[in-house]
Amino acid sequence: MVAGPVPDVSTEQWRKWLEINTIGQLAATRAVLPRPRGSHGRVVFTSSIDGRLSAR
């Protein structure tokens, strides 16, 4: 998780966080998508409560 005021967090830290949490989910979905489509299943993502709390 990227924590801290925007000016204090480097661009590289933001890129790493986005790569893991956004691009990672996209890549995982694309990797398994043919299976759920063939069996009428679905892809479900879970997350922790930290996604709903603000960091101080």
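This is a predicted model: local features need pLDDT of at least 70, side-chain atom pairs count only at pLDDT 80 or more; totals for chains, interfaces and linings use all residues.
Reader: What secondary structure does the chain have, helices or strands?
Author: The chain contains two helices and zero strands. Helix H1 covers residues 11-32, and helix H2 covers 34-39.

Reader: Where is the kink in H1 centred?
Author: The kink is centred on glutamate 19 and amounts to about 35°.

Reader: Turning to aromatics, how many aromatic pairs are there?
Author: The count is one aromatic pair. It joins tryptophan 14 and tryptophan 17, whose ring centres are 6.1 Å apart.

Reader: Why is that pair edge-to-face?
Author: The ring planes of tryptophan 14 and tryptophan 17 stand at 85°. An angle over 60 degrees counts as edge-to-face, so the pair receives that label.

Reader: What separates tryptophan 14 and tryptophan 17 along helix H1?
Author: They are three residues apart in H1, which means a separation of about one helical turn. In general, an α-helix has 3.6 residues a turn, so residues three or four places apart point the same way.

Reader: Which residues make the nonpolar surface patch?
Author: Met1, Val6, Trp14, Trp17 and Leu18 make the patch, which has an area of about 500 Å². The aromatic pair of tryptophan 14 and tryptophan 17 thus contributes both of its members to this patch.

Reader: What about the chain overall: what percentage of its residues is buried?
Author: Of the 56 residues in the chain, 7% are buried. The chain exposes about 5400 Å², and carbon and sulfur atoms supply 55% of that area.

Reader: A change of topic: where does arginine 42 lie?
Author: Arginine 42 is located in the segment after helix H2.

Reader: Is arginine 42 buried or exposed?
Author: Arginine 42 is exposed, because its relative accessible area is 73%, and the exposed class begins over 50%.

Reader: What distance separates the C-alpha atoms of arginine 42 and threonine 29?
Author: Those C-alpha atoms are separated by 9.9 Å, while arginine 42 and threonine 29 are 13 residues apart along the chain.

Methods: Residues are numbered from 1 along each chain as its sequence is written. Side-chain values use heavy atoms; hydrogens and water are left out. Patches are made of residues with over 30% relative accessible area and no salt bridge: like charges are joined within 9 Å, nonpolar side chains (Val, Leu, Ile, Met, Phe, Trp, Tyr) within 5 Å. Accessible areas come from the Shrake-Rupley method with a 1.4 Å probe; for residues, only the protein chains shown count as cover. A salt bridge is a side-chain nitrogen of Lys or Arg within 4 Å of a carboxyl oxygen of Asp or Glu. Helices (H or I, at least four residues) and strands (E, at least two) are DSSP runs, numbered from the N terminus. The bend at a residue is the angle between axes fitted to the seven residues ending there and the seven starting there. Buried means under 20% relative accessible area, exposed over 50%, partly exposed in between (1.4 Å probe, protein chains only). Rings of Phe, Tyr and Trp (its six-membered ring) pair if their centres lie within 6.5 Å; planes under 30 degrees apart count as stacked, over 60 as edge-to-face and the rest as tilted.
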